[in-house]
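Reader: Please show the sequence and the structure, and then take my questions one at a time.

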Amino acid sequence: MSKKGTPFNAAAISRITGATAKGNGGQIPAGSFASKAQSHHAKSCGGASKGSTGGKK
């Protein structure tokens with residue numbers, strides 16, 4: 001039986017890509033987990049996150 005985990009949200013993608021960029025001189029390497037996660041999220045959400053400004057209020 002396969003399990004589906006909790007899908008990534010915009011905040012999770014931001015944390016993943018931020019940590020990856022910090023460790024790679026500001027770049028997200030092609031083929032990295034961060035780039036794959038970001039790409040998957042963009043495709044599954046139809047681009048930008050709906051209703052998210054990306055910042056705290």
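Author: This is a predicted model. On the face of α2 turned away from its buried side sit the exposed residues K36, H40, K43 and S44.

Reader: What do the buried residues of α2 pack against?

Author: Residues F33, A34, A37, Q38 and H41 in α2 meet A10, I13, I16, T17 and T20 in α1. Among the α2 residues in this list, A34, A37 and H41 are buried. The buried residues of α2 pack against α1.

Reader: How far apart are the end C-alpha atoms of α2?

Author: Helix α2 comprises residues 33-45, which is 13 residues. At 1.5 Å a residue the helix should span 18 Å, and the model agrees with this. The end C-alpha atoms of α2 are 18 Å apart.

Reader: How far does α1 reach from its first C-alpha to its last?

Author: Helix α1 covers residues 10-23. With 14 residues, at 1.5 Å a residue, α1 is expected to reach 20 Å, and its value is close to that. From first C-alpha to last, α1 reaches 20 Å.

Reader: Which residues of α1 are buried, and which are exposed on the other side?

Author: The buried residues of α1 are A12, I13, I16, T17, T20 and A21. They cover an arc of only 160° around the axis, which puts them on the same side of α1. What covers these buried residues includes α2. Exposed on the other side of α1 are R15, A19 and K22.

Reader: Are α1 and α2 roughly parallel or roughly antiparallel to each other?

Author: The axes of α1 and α2 are 9 Å apart, and the helices pack at an angle of about 155°. Angles over 145 degrees count as roughly antiparallel. The two helices, α1 and α2, are therefore roughly antiparallel.

Reader: Is the crossing of α1 and α2 left-handed or right-handed?

Author: The packing angle of α1 and α2 is about 155°. Where α1 passes α2, the crossing is left-handed.

Reader: Is A34 buried or exposed, and what is its relative accessible area?

Author: A34 belongs to helix α2. Not counting residues up to four places away in sequence, A34 touches I16, T17, T20 and I28. Buried means under 20% relative accessible area. A34 is therefore buried, and its relative accessible area is 2%.

Reader: What separates the C-alpha atoms of A34 and A21?

Author: A34 is in helix α2, while A21 is among the buried residues of α1. Along the chain, A34 and A21 are 13 residues apart. Their C-alpha atoms are separated by 8.9 Å.

Reader: Which residues is T17 in contact with, leaving aside its neighbours within four places in sequence?

Author: T17 has its place in helix α1. Its relative accessible area is 13%, and T17 is buried. Leaving aside neighbours within four places in sequence, the contacts of T17 are I28, A34 and Q38.

Reader: How far apart in space are A12 and Q38, C-alpha to C-alpha?

Author: A12 lies in helix α1 and counts as buried at 12% relative accessibility. In sequence, A12 and Q38 are 26 residues apart. In space, C-alpha to C-alpha, A12 and Q38 are 9.7 Å apart.

Definitions and conventions:
Residues are numbered from 1 along each chain as its sequence is written. This is a predicted model: local features need pLDDT of at least 70, side-chain atom pairs count only at pLDDT 80 or more; totals for chains, interfaces and linings use all residues. Side-chain values use heavy atoms; hydrogens and water are left out. Helices (H or I, at least four residues) and strands (E, at least two) are DSSP runs, numbered from the N terminus. Buried means under 20% relative accessible area, exposed over 50%, partly exposed in between (1.4 Å probe, protein chains only). Contact means heavy atoms within 4.5 Å. The expected span of a helix is 1.5 Å times one less than its number of residues. Axes are lines fitted to C-alpha atoms, for helices over the stretch in contact, and angles run from 0 to 180 degrees between N-to-C directions. Angles under 35 degrees count as roughly parallel, over 145 as roughly antiparallel, 65 to 115 as roughly perpendicular and the rest as oblique. A crossing is left-handed if the near helix is turned anticlockwise from the far one by less than a right angle, and right-handed if clockwise. The arc is that of the directions from the helix axis to the C-beta atoms.
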